Structure formats: structure tokens, C-alpha cells
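The sequence and structure are shown first.

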Amino acid sequence: MNPVHGGEGSGTALRIQEHTSMTQDREEGTKSLVTGGEASADVLMTQLCPLRLEEVVTKNALHDGLPEHCTAQATSEGEERCVSGEENPSEACGTIVQDVGEKEDKVQPALEMVALNDWNKLKELGKDVSGPGQKTNSLHSQKLMIVKQIVKHIKSLPQDSLDSHSSAVRCQGMQLITDCSKAKPPLEGKEKLDVVIVCVASIFALPSIEALQRQEGHKVNVKDLYNQTVAALEVMLRALLSEKPNPAELQNFLDHLAPWMTSEKAHERARAVRTSVCLLQAAAESPKFCMSHKFPRLGLLIGRLALRVGDPEKEIGHQAMEGLYFLYSLMWCQKEPERKMGSVTAVLHQMLQKILGIYEPTRTCENISEIVKRFGQFLSPDQMADLLLTAVESLKEASESTIEASKTILNVILEKYKQKIQMEVPKIVDRIHSELSAIHHSHARQVVMMALCLLARAFMEEVSTALLKCPLPLDRDAAGMWRTLAKTEAICHSHRLLDVLLKELQERPSTSEDRAFIIPLAAASALCEVLSVSMCTQAVTRFYPRLLMALLVQVHYTIGLSLPDSGVSRKELIPACCVVKTVKTLLLKMGCHYEFTAVEKEGGWELLTSSEEHHRGVGLLARAMVHYSCCQLWRILYLLVPFLERGDKQHKLTAMAFFVELLHMPQAKRLPEKYSVLRLLKGLTDPDPVIRALCVKGLITMADWPGKEIKVLVPAMINSLCGVDGRLVVEALADVKKILRGLDVASYVGCITSLLRLLFDDERVSVRSAAISLFGKMVKKVKKTQGLMKEEDVLDSLIPLLLHLQEGNPDMAEKCKNALDECSRLLEWRLPKQVGNGKAWHNHQEDVDEICQYLVKKHQENVQRFLFQSQCYLSSTQPSLRRAAAMFIGFLVMHMDSMMRMKDLDIISNALAGLLHDPEASVCIFAAQAHDRVLAVYWKLKYGLVEQHKVNSDSAEKHHSPPNHPATEGTSSRLCNAINLWKLAAKH
């Protein structure tokens with residue numbers, strides 16, 4: 001029995017031989033007709049049609065139940081008479097039609113198809129054309145036209161049934177294409193592709209023979225019809241292959257059969273395997289088959305056939321094994337060129353069985369293992385990778401037999417040939433990731449992950465680097481692959497995976513018009529998945545300090561980073577938040593639950609993702625870790641020592657923010673001075689104001705360390721804060737009370753208080769409040785006997801503190817009151833109780849009157865200072881301060897009437913007049929009242945109603961603003977005008 005055809009076509013070989021001899025005889029006869037002269041197409045058609053018709057009728061008669069031997073004999077005799085010329089073709093045709101006249105309705109469609117073709121031209125094409133190029137092109141065009149017509153008719157046939165008519169059309173069409181293949185030039189490209197695809201699909205897509213037979217009943221022998229059709233297909237494919245007998249062409253043919261080899265229907269798989277084996281046998285036994293070139297995708301061929309060896313259908317497995325014998329024979333000839341291509345003899349077949357093994361249905365995995373081992377010697381790295389990926393791709397099939405076959409292939413490759421595929425790891429990892437989404441069977445997914453695990457054991461760096469190129473955010477499959485790598489790492493007790501991730505996390509991501517480098521962001525996402533694996537705790541603990549700092553710097557890098565819009569998934573990804581998620585996971589992995597909660601309550605995670613607040617988020621995290629004595633904190637401290645000297649702006653800023661907070665640790669006192677004081681002192685000259693502020697904060701933290709002389713650095717520290725944002729200043733000076741210990745020079749404290757006083761009027765409530773609070777704490781630590789604060793510094797603070805009491809903010813009022821109490825203690829003053837009673841001046845003007853009266857009466861030498869200080873607040877951005885300043889000036893001038901000068905009154909009057917049109921109504925009202933009080937004093941002085949006291953001109957000049965020309969008005973009440981203006985504005 002023919003090993004290619006098996007038992008499905010017992011008479012196929014005989015019929016093919018008969019058809020071949022008939023075709024040769026007809027060709028000889030046709031040549032004589034053509035060479036005899038210029039016969040018309042019609043005449044030649046008359047001579048050739050009966051030949052084809054005879055075959056159709058004979059085969060139809062055979063399929064319709066005539067005895068096979070009778071039909072074969074009649075056909076043979078008819079052909080002999082026709083070819084030899086003993087009988088007229090038309091007479092032969094008439095005789096056959098008369099014998100089977102009842103089948104004429106079935107013959108007619110086939111005849112119509114034959115009539116579509118120009119037989120004269122077809123036979124002309126069958127000869128060796130040696131004419132000019134123009135003639136060759138014309139003949140080739142006619143050949144293509146004929147082939148296209150045939151393909152069109154075959155494509156139109158039904159694929160759910162098989163009868164004598166459709167079988168005849170298929171056979172005749174494919175036989176005609178076989179004839180066309182003898183003409184030069186051969187079919188190329190799309191035309192040949194269409195022929196193979198359409199003819200293969202037309203036959204393979206038919207239902208099984210059993211189903212077809214049930215449809216036709218006993219009227220037709222469907223098995224014989226089918227076998228004849230398949231034989232015609234195989235002859236056609238062999239003929240097309242013979243046009244270009246080389247591995248690349250054979251590979252193309254087999255690739256078109258590949259989808260059918262993985263069909264869920266057993267009969268479709270069987271047909272594809274049978275035809276594949278037929279082509280391989282044709283190549284192996286053809287002396288003209290050229291093996292000078294390699295198979296372009298040999299790994300795919302081996303994989304497809306090896307997987308079918310494990311098919312649950314024994315016949316398919318046996319056929320696949322036969323195909324591998326022929327393929328091995330081809331590879332053997334290629335490896336040993338002295339071997340000649342030829343028929344696969346029984347001896348050679350036994351030798352191949354001995355090498356690859358004999359097919360055993362109960363031991364298919366052993367068969368497959370031996371196949372991969374034997375073929376491995378022929379495979380290049382890329383071909384070996386193709387074999388591996390073919391096994392992975394087959395796991396999309398849900399059958400257990402295929403899964404076991406794939407598992408066997410993967411195991412052999414990754415155990416015996418893993419070094420061959422090292423350079424192909426990126427391609428393999430990428431394909432595994434893309435295929436996983438289509439693999440749903442749990443067992444199949446386990447096999448894939450097993451393969452990934454084996455691959456990672458050998459090439460962890462290559463695998464993890466390749467996996468970092470997966471799209472972000474990570475999908476379910478990529479996340480699962482990272483977790484598999486983490487488990488592999490834990491089992492092997494290695495740290496190669498974390499080494500790779502840490503290395504990438506230390507790089508800076510970037511995006512631009514022509515390139516995007518987001519591998520660090522991918523590393524952060526991957527680390528988040530790795531941390532979710534409980535087995536990797538020990539390895540993570542070892543890398544914890546470096547991972548934490550690398551992630552915090554990476555957060556800073558990714559703030560505001562926009563990824564290229566390559567898909568919907570990218571738009572959903574916020575890079576900084578992605579890295580922060582990994583920071584959270586790392587902290588929880590290390591058991592830092594209290595630290596996590598503390599940062600969460602203070603909004604620290606949001607601070608980390610803000611460009612302006614990032615260093616504050618880092619500091620908040622570090623303080624929480626110090627407060628709760630987080631594990632491994634001392635390792636982070638010593639890691640930061642060299643960390644501060646390297647990297648770019650973001651790197652240094654993040655490191656400094658963390659380092660400064662760790663200086664509160666007891667272990668930090670062991671740091672050498674060059675790594676602590678001197679490093680921070682160097683940072684005072686950094687161009688980044690945030691770095692300077694952090695260095696000041698760090699130096700103040702070290703003020704109470706034994707042996708550290710920080711007090712001499714106070715002037716440099718304060719100078720470094722000049723021009724720095726107020727919030728940074730108050731944060732830097734938050735522990736300023738530490739620095740007062742041991743200071744004995746008033747100028748040191750004075751430069752600090754002067755800096756804080758500038759922040760009393762900051763637009764941000766938090767900054768004002770912090771500055772006033774710090775000022776009060778400093779004054780509280782100073783004793784009068786120490787002489788650390790000049791009296792002028794304290795006096796210059798009184799009016800700002802007094803006016804800020806009226807902001808309407810209870811917290812601010814409390815801090816101002818505390819600071820005023822400390823100032824009065826240091827000055828040894830006894831301020832009236834109205835200063836700290838918390839009442840609003842605009843509702844209790846008598847309190848302002850009492851305070852001003854006290855100041856003029858008890859501290860007459862300083863009232864000019866107070867007066868000109870309060871004038872600055874008339875232009876404040878806060879309505880409450882403008883209102884309070886106007887009231888204070890009005891009452892103070894009223895009590896200072898004898899000490900005022902006309903020039904000063906003009907300045908004050910002009911300043912108050914500017915508030916009469918203030919957008920805030922209450923400011924207009926109280927400014928008008930104050931203006932009236934100033935005018936009253938002005939007229940008293942002008943008409944000598946009061947005795948003017950001598951005023952210290954030096955003091956006055958020191959505190960007043962540049963004079964403006966007065967805008968004096970009549971004696972009419974400014975209060976009434978202001979009220980009228982305010983009412984008019986309210987109506988509009």
C-alpha cells in the first residue's frame with residue numbers, strides 16, 4: 001500500500017498512471033495537428049473536445065455504479081482508437097454518449113467548462129516556446145486567462161456536497177492546470193497562490209466521506225469520487241512544485257496547508273497531513289529537487305508535523321510520522337551533498353525509522369521527543385525559535401493531546417538546545433506575550449508559563465529586558481509573566497531579575513517627537529507585579545534601600561511626562577501615579593503599614609506627584625519612617641551619602657529631601673563632618689533655592705549635635721535664604737529654636753528675625769502664620785539679659801503683629817497674641833488688655849482708642865515709628881489689614897495731635913483719601929472716619945488750637961515715606977462723602 005495515500009485511495013496510483021499515458025498520447029496527436037498548419041481554433045476544438053468529454057463520461061459512468069473493470073476497459077479501448085486514428089473522435093464521443101445517454105445532463109456542465117478554453121492555444125502553450133519575447137508574453141497571458149477561468153469555476157462549486165458533476169469539474173480543472181504547468185514561463189505570485197488556496201479549500205472543506213455518503217445514499221460511490229478528486233489535486237500540486245523544485249517553493253505549498261492541519265475536524269486534519277506528506281515525498285524522490293538552499297522556516301514544518309504525531313487519530317499520527325521521514329531524508333541529503341535524491345527505498349525507510357523511531361500511538365510523547373532531538377542538529381537558532389513558537393502557538397487548541405505534544409517539544413528545546421536560542425529570546429518572549437491572550441485553557445497556560453520559567457532560568461536578563469518592552473499599562477498576560485519570573489527568581493535564590501529592574505529604574509525616561517524611552521516606567525510597573533509575589537520577600541529586602549530611592553527619583557522624573565498616544569491604554573496611564581503605586585506596594589511589602597497610613601493622612605502621595613511639592617512628599621515619607629523607626633532606615637542613610645554627589649537636578653533634590661529628614665536619626669550623628677556639615681554647607685550656594693532651603697533645615701537639625709559648630713554658619717544660612725520663597729523659608733527655619741542655644745551675638749538672631757518679619761505680610765496664610773509662630777518662639781527663648789535681640793527688632797514687629805490680629809483668622813490671632821506677649825515681656829511693657837481680647841476693632845473702636853492712647857502716653861518716643869509702620873498697611877492686599885491700619889492711624893494721630901507736623905499730616909491725609917473709593921465698603925467707611933480725625937488735627941495745628949511739641953526730626957525722617965503733595969479739601973465731613981459713594985456703588 002502506498003504510504004502516502006494509505007487506504008483511502010486504493011486505485012489512485014493506477015488511475016494516475018493511466019491518465020498520464022493518455023495525456024502523453026493526446027499531446028503527441030495534438031502536436032501533429034498543430035505542426036501540420038495554421039488550423040483554426042474551431043477545428044482544433046472539434047478534435048480535442050471529445051477527448052476531454054470521453055474522460056468525463058467514463059468517470060461519471062464509473063462513479064454512477066458501473067463495474068470498474070468494465071469502465072476501465074471501455075475507456076482504454078476508446079482512448080487507443082482515438083489516439084491511433086482508427087476511429088473518428090466524434091464517432092467515439094457519440095458511441096460513449098449513446099452508452100450513457102441518461103447521464104448527459106451531468107456531462108453537459110463539464111463540457112461547457114471545457115468549451116470556455118481555447119484548446120488550440122492551450123496545446124500551443126504546452127510546447128516548448130522558443131519564439132520572440134512578444135510571442136512568449138502573449139502565450140503567458142493566455143495561460144493566465146485559462147487558469148483564472150478554471151479557478152473561478154472551481155471556486156463556485158458547493159462545498160457541502162460531492163457528486164459526479166462537481167467531482168468532474170474539479171478533476172478536469174486541476175488536470176488542465178497540470179497541463180498548463182508544462183508551459184513556460186511558470187505561474188508566479190498571486191496566480192499560483194490563488195490556484196493552491198482555492199483548489200485545496202474546495203476539497204478540504206468538504207464534509208467527511210461518511211457524511212457525504214449519507215447525503216448521496218447509494219446512488220453514488222462518494223469514496224471513489226473523493227479519492228479521484230484528491231488524486232487530481234496531488235498531481236496538480238506535484239506539477240506546480242516541479243516548476244520550481246526547491247525548499248522555498250515547497251515551504252510555500254505546505255504553509256497553505258498549515259491552517260487545515262490544526263482544524264478541529266479530524267477529517268480536515270487528515271486531508272492536510274496526507275497532502276503534505278505527498279508533497280514531501282515528491283520532493284524527497286525527485287532527482288531535480290534542489291537542496292542547495294535551506295528551508296526558510298524549517299522549524300515550522302517540523303513543529304507542525306511533530307504536533308500531528310501526537311494527534312488522537314492514529315491514522316493522522318502515522319501519516320505525520322511518514323512525512324517526517326521524508327523531511328529528514330531531505331535534510332540528510334542537504335547535510336551530505338554526496339547523497340543523491342531518489343526514491344525512498346525500503347532499506348532507506350527502515351533506516352529512517354531507526355533514526356526517528358517507529359510511530360507508536362501509546363508513546364507519542366517519546367516519538368516527538370526523539371524527533372526534536374534528531375532534527376535539532378539541522379536547525380539554526382532562528383529555526384529552533386520557530387519550532388518553539390510553533391509549539392506555543394498550538395496551545396491555542398484546547399485538546400489535551402496537542403497540549404502534551406507542545407509541552408514535550410518545549411521541554412526538549414529548553415533542556416537540550418537552550419544555548420541555540422539565546423539570541424532569539426526577545427522574539428520568543430514577544431511572541432509568547434502576544435499568543436497568551438488567545439490561550440484560554442488553564443493547562444495550556446501552565447505549559448506556557450513553564451516554558452517561560454525554563455527560559456528565564458537560563459536567560460533571566462534577556463527575558464526580563466524583552467518583557468520590559470510590553471505596552472503600558474501592563475495587561476493581564478504581561479503581569480502574569482512578570483509574576484512567573486519572580487517565582488523563578490525565588491526558586492533559584494538569585495537576584496538577577498531585581499538587578500535588571502533596578503538598573504532600568506535608575507535611568508531617566510524621556511519622550512520626544514522622534515523617540516520615546518519609557519523603559520524605566522515599564523520597570524516600575526513590572527516591579528509592582530514582582531512585589532505581589534510572596535516568595536520574593538527575601539530578595540526584595542536586600543534591594544529595599546536602592547529600590548526605594550530609585551523609585552522616588554523616578555517619580556520626580558515622570559512628573560508631567562506625557563507618553564506618545566499609541567493607543568487607548570496609553571491615555572489611561574499617568575506615569576507619576578504609576579510609579580507612586582509601586583512605592584506604596586514596596587512599603588507594604590516591607591511591613592511599613594504605619595508609615596503608609598501616616599503619609600496617606602497627610603496627603604503625601606499627592607505631594608509626590610506635584611512638581612512643586614515633590615520634595616515635601618519625600619520629606620513627609622522620610623519623617624514618617626523615622627518616627628516609626630522603619631526597618632532598614634540606617635541602610636538608606638548610608639546609601640544617601642554617595643547619592644547626594646551624583647545625578648541631575650531631580651536626583652539631587654529627592655536625595656537631599658530624604659537625607660535632611662534622616663538627620664533626626666541617632667545613627668546620623670556618626671556621620672563624619674565631611675559627609676554631613678560640609679556637604680550641607682556646600683549646598684548653601686546651590687542655584688536651586690529648594691536645595692538651599694533644605695540645607696539650612698539640615699544644618700539647623702545638627703545644631704544640637706555634640707562637637708558641631710553650627711552657630712558660626714548662621715549668617716551664611718540666612719543669606720542663602722534671601723530671595724527664596726516664603727514657604728521654603730519657614731519650613732527651613734521650623735526648628736530655629738535649636739540654633740539659639742549657645743548664640744551670644746545679637747546680630748545672629750537679628751538676621752533671622754528680620755527674615756521672618758518680611759514674611760509677616762506674605763500673601764499665603766500658611767506662610768504668614770508659620771513666620772509669626774517662629775518669631776514668637778524665638779523671642780520666647782531669648783532673655784533680656786542675654787542681649788541676643790536688639791530692641792529695635794522687637795519694636796519693628798509690634799505694629800505688624802497688632803494689625804494681623806485683625807485678620808479674622810482665629811489661629812493667626814492666637815499666634816499674633818503669643819508673639820506680642822513675648823515681645824512685651826522682652827521690652828518689659830505692659831500692653832493693655834484690649835490687645836489680646838480677640839475683639840474685632842470695627843465693632844469695638846473703643847479698643848483701638850485705648851491701645852493708641854496707651855502707646856502715646858507710655859511710649860511717646862516710639863509713636864512716630866508706629867505711625868509710619870502702619871501706613872505701609874494702607875496698601876495691603878487684604879481688606880482687613882487696610883481697614884485696621886486706617887482705624888489705627890486715625891486714633892493714633894488724634895492722640896498725637898501735639899506731636900504731629902503739617903507735612904506728615906498731608907502725607908497721611910493723601911494716603912487715607914486713596915481708600916475712600918476702596919472696593920470694600922467697610923474700608924471706605926473707616927478710612928473716611930480716620931481721614932476726618934486727621935483733618936481735625938490738621939486744622940487744630942493750622943489755627944494754633946494746640947501747642948505743637950518738638951518732634952525728633954531724625955526719627956520722623958527715618959520712618960516716613962517719600963512726601964506727596966497734599967490734596968486738602970474743605971471742612972465738610974469726609975465720612976458723609978464716603979457713605980454716599982459707597983451707597984451709590986451698591987446701587988450699581
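K737 is partly exposed, with a relative accessible area of 40%; the class "partly exposed" lies between buried (under 20% relative accessible area) and exposed (over 50%), computed with a 1.4 Å probe on protein chains only. K737 is placed in the loop that runs between α37 (726-732) and α38 (746-757). Helices (H or I, at least four residues) and strands (E, at least two) are DSSP runs numbered from the N terminus.

Together with K777, K780 and K781, K737 forms a positive surface patch. Patch members have over 30% relative accessible area and no salt bridge, with like charges joined within 9 Å and nonpolar side chains (Val, Leu, Ile, Met, Phe, Trp, Tyr) within 5 Å. Lys and Arg count as positive and Asp and Glu as negative, while His and the chain ends are not counted. Each charge is placed at NZ of Lys, CZ of Arg, CG of Asp or CD of Glu.

## Basis of the model

The model is predicted: local features need pLDDT of at least 70 and side-chain atom pairs count only at pLDDT 80 or more, whereas totals for chains, interfaces and linings use all residues. Residues are numbered from 1 along each chain as its sequence is written, and side-chain values use heavy atoms, with hydrogens and water left out.

## Overall architecture

The chain contains 48 helices and 2 strands. Of its 988 residues, 55% count as buried.

Contact denotes heavy atoms within 4.5 Å. Among contacts between residues at least 6 apart in sequence, 76% join residues at least 24 apart.

## Buried helical elements

Helix α24 (residues 496-505) is mostly covered, as 7 of its 10 residues are buried. These buried residues are L497, L498, V500, L501, L502, E504 and L505.

L388, in helix α18 (residues 381-394), is buried, with a relative accessible area of 2%. Beyond its neighbours within four places in sequence, L388 contacts L410, I413, L414, I421 and I428. The C-alpha atoms of L388 and L410 are separated by 6.0 Å, although the two are 22 residues apart along the chain.

## Salt bridges

Side chains of opposite charge can pair when their charged atoms come close. A salt bridge is a side-chain nitrogen of Lys or Arg within 4 Å of a carboxyl oxygen of Asp or Glu, and the whole structure holds 40 salt bridges. One of them joins K265 and E268 (4.0 Å, N to O); K265 is partly exposed at 46% relative accessibility, whereas E268 is buried at 9% relative accessible area. Another joins K427 and E424 (3.5 Å, N to O), where K427 is partly exposed at 32% and E424 is buried at 16%.

E661 and K697 also form a salt bridge (2.9 Å, N to O). This pair links distant parts of the chain, with E661 in helix α33 (residues 649-662) and K697 in helix α35 (residues 689-701), 36 residues apart. Both E661 and K697 are buried. Elsewhere, R269, R308, D311 and E397 are linked in a network of salt bridges.

Conventions. Areas by Shrake-Rupley, 256 points an atom, 1.4 Å probe, with all protein chains shown as cover.
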